Amino acid sequence: MRLYYSKVENTLPKQKVRYKNFTYSEFDSPDSKGSGKNMKNDFMDLLQEARTIAEIPFRITSGYRTQTYHDELGRRGYKTSKTRSAHQDGYAADISCTDTKSRWLIINSLLLAGFNRIGIAHNFIHVDNHPDKTQNRIWTY
């Protein structure tokens, strides 16, 4: 974990920058402003490492989810976990991806960073590291 310190008296700046390429608000559930802070640090650390490896932007389309939002996605016809989703526990994100080169760069960087649960859809990549889910899985939607 790296925190970036200001050069003045070696103190943290007023706005802590924990992740160079992400803000917690990118991970907010649409129905709960500020909920992105529920993302687990170990997940976010790995995701930042993957983003650094990939050297391309990761646009987060889904991060933390409330139960209400999770249920709404199911009603709208999206494939959602029948049990508790890794998104609900702060261990998952979906990354927008619409071309083959970006898909390869993102998946490769996720694996190199240490992720071992990846779902591949037509326009996004799901990644999680939930400790209670079966490990070493790649699936398609």
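How many salt bridges does a search of the whole structure find? The search finds six, where a salt bridge is a side-chain nitrogen of Lys or Arg within 4 Å of a carboxyl oxygen of Asp or Glu. Here are some notes to read beside the model.

1. Ground rules. This is a predicted model, in which local features need pLDDT of at least 70 and side-chain atom pairs count only at pLDDT 80 or more, while totals for chains, interfaces and linings use all residues. Residues are numbered from 1 along each chain as its sequence is written, and side-chain values use heavy atoms, with hydrogens and water left out.

2. The sheet. Five strands form an open sheet with mixed pairing, in the order β1-β2-β4-β3-β5. The edges are held by β1 (60-62) and β5 (137-140); each has a single partner strand, so one side of each is left without a neighbour in the sheet. On average, neighbouring strands of this sheet are turned by 25 degrees against each other, direction ignored. For that angle, axes are lines fitted to C-alpha atoms, for helices over the stretch in contact, and angles run from 0 to 180 degrees between N-to-C directions. As for the other terms, helices (H or I, at least four residues) and strands (E, at least two) are DSSP runs, numbered from the N terminus, and two strands pair if DSSP finds at least two bridges between them.

3. Around β4. Strand β4 (residues 124-128) is mostly covered, with four of its five residues buried. Buried means under 20% relative accessible area, exposed means over 50%, and partly exposed is in between (1.4 Å probe, protein chains only). Strand β2 (residues 92-96) pairs with β4 in the antiparallel sense over five bridges, and strand β3 (residues 117-120) runs antiparallel to β4 with three bridges. H126 in β4 is a handy landmark: D94 stands opposite H126, and G119 also stands opposite H126. A hairpin is formed by β3 and β4, with three residues between them.

4. The parallel pair. Do β3 and β5 run parallel or antiparallel? They run parallel, joined by four bridges. If you want a residue pair to look at, I118 has I138 in β5 as its bridge partner.

5. The side chains of R65 and D94 meet in a salt bridge at 3.2 Å, N to O. R65 lies in the loop between β1 and α2 (67-75) and D94 in strand β2, so the pair ties together parts that are 29 residues apart in sequence. Both R65 and D94 are buried.

6. R117 and D128 meet through their side chains at 2.7 Å, N to O. Since R117 lies in strand β3 and D128 in strand β4, the pair ties together parts that are eleven residues apart in sequence. Both R117 and D128 are buried.

7. Salt bridges that share partners join E72, R75 and R76 into one network. R76 counts as partly exposed at 47% relative accessibility, and E72 counts as partly exposed at 29%.

8. The faces of α2. Which residues of α2 are buried? They are Y69, H70 and L73. Seen down the axis of α2, its buried residues fall within an arc of 105 degrees, so they line one face of the helix; the arc is that of the directions from the helix axis to the C-beta atoms. The face turned away from the buried side carries the exposed residues T68 and R75. Just after α2, G77 takes a positive phi of about 95 degrees.
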